[in-house]
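Reader: I'd like to learn how to read charged pairs, strands and pockets in a model. Can you walk me through them?

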Amino acid sequence: MIRKFKNCDIEQIIKIWLNGNIETHHFVAKQYWKAHAPMVRKQLLQAEVYVYETDGVIQGFVGMQENYIAGIFVKKQWRCMGIGKQLLNYIKQIYTILSLNVYQQNERAIKFYQQEGFSIISEDVEENTGQVEYTMSWNSRKC
């Protein structure tokens, strides 16, 4: 079930965020993610967040800042089971235009978003990590 985030979800969410970043972004130092966790915790409490939950356990979530996808994260044991796609489809029903940034080295995520109708519109170097990232966009009117 997908539902809106509640403040009491924050501990589960921040663990999913931290572990997901460490697992999928091996090219960025673990310490970077750990150092940014307190700031992300504050941002999550202010963002629009939807969680995918089964039997009281949050398996994944999507964080939104207006029409920008700040991230889709799914716990490792539930990846490749369609949870990310369900979260994305849920927000596609709310927004007609979406954008996001993804690291160039995160090929799995790029492939996922391209399969879901996103296009790469620009490339830049992310200042904090020095990593190349793509800006991708989706527009419901193109589909």
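Reader: How many salt bridges does a search of the whole structure find?

Author: The general idea goes like this: side chains of opposite charge can pair when their charged atoms come close. A salt bridge here is a side-chain nitrogen of Lys or Arg within 4 Å of a carboxyl oxygen of Asp or Glu. Searching the whole structure turns up five salt bridges. Keep in mind that this is a predicted model, where local features need pLDDT of at least 70 and side-chain atom pairs count only at pLDDT 80 or more, while totals for chains, interfaces and linings use all residues. Residues are numbered from 1 along each chain as its sequence is written, and side-chain values use heavy atoms, with hydrogens and water left out.

Reader: Which residues are linked with R3 in a network of salt bridges?

Author: R3 is in a salt-bridge network with D9 and E53. The R3 and D9 side chains meet at 2.8 Å, N to O, and for R3 and E53 the closest N and O atoms are 3.0 Å apart. Strands are DSSP runs of E, at least two residues, and helices are runs of H or I, at least four, numbered from the N terminus.

Reader: Is R3 buried or exposed?

Author: Buried means under 20% relative accessible area, exposed over 50%, and partly exposed in between (1.4 Å probe, protein chains only). R3 counts as buried because its relative accessibility is 11%. D9 is buried too, at 3%, and so is E53.

Reader: What does the salt bridge of R79 and E23 tie together?

Author: Their side chains meet at 2.5 Å, N to O. R79 lies in the loop between β4 and α3 and E23 in helix α1, so the pair ties together parts 56 residues apart in sequence.

Reader: On to strands: how many bridges pair β5 with β7?

Author: Two strands pair if DSSP finds at least two bridges between them. β5 and β7 (residues 132-139) are antiparallel, with seven bridges; Y103 has E133 as its bridge partner in β7. β4 and β5 run parallel, joined by two bridges, and Y68 is partnered by S99 in β5.

Reader: And what classes of residue make up the lining of the largest pocket?

Author: Nonpolar means Ala, Val, Leu, Ile, Met, Phe, Trp, Tyr, Cys and Pro; charged means Asp, Glu, Lys and Arg; the others, Gly among them, are polar. The lining has 24 nonpolar, 15 polar and seven charged residues.
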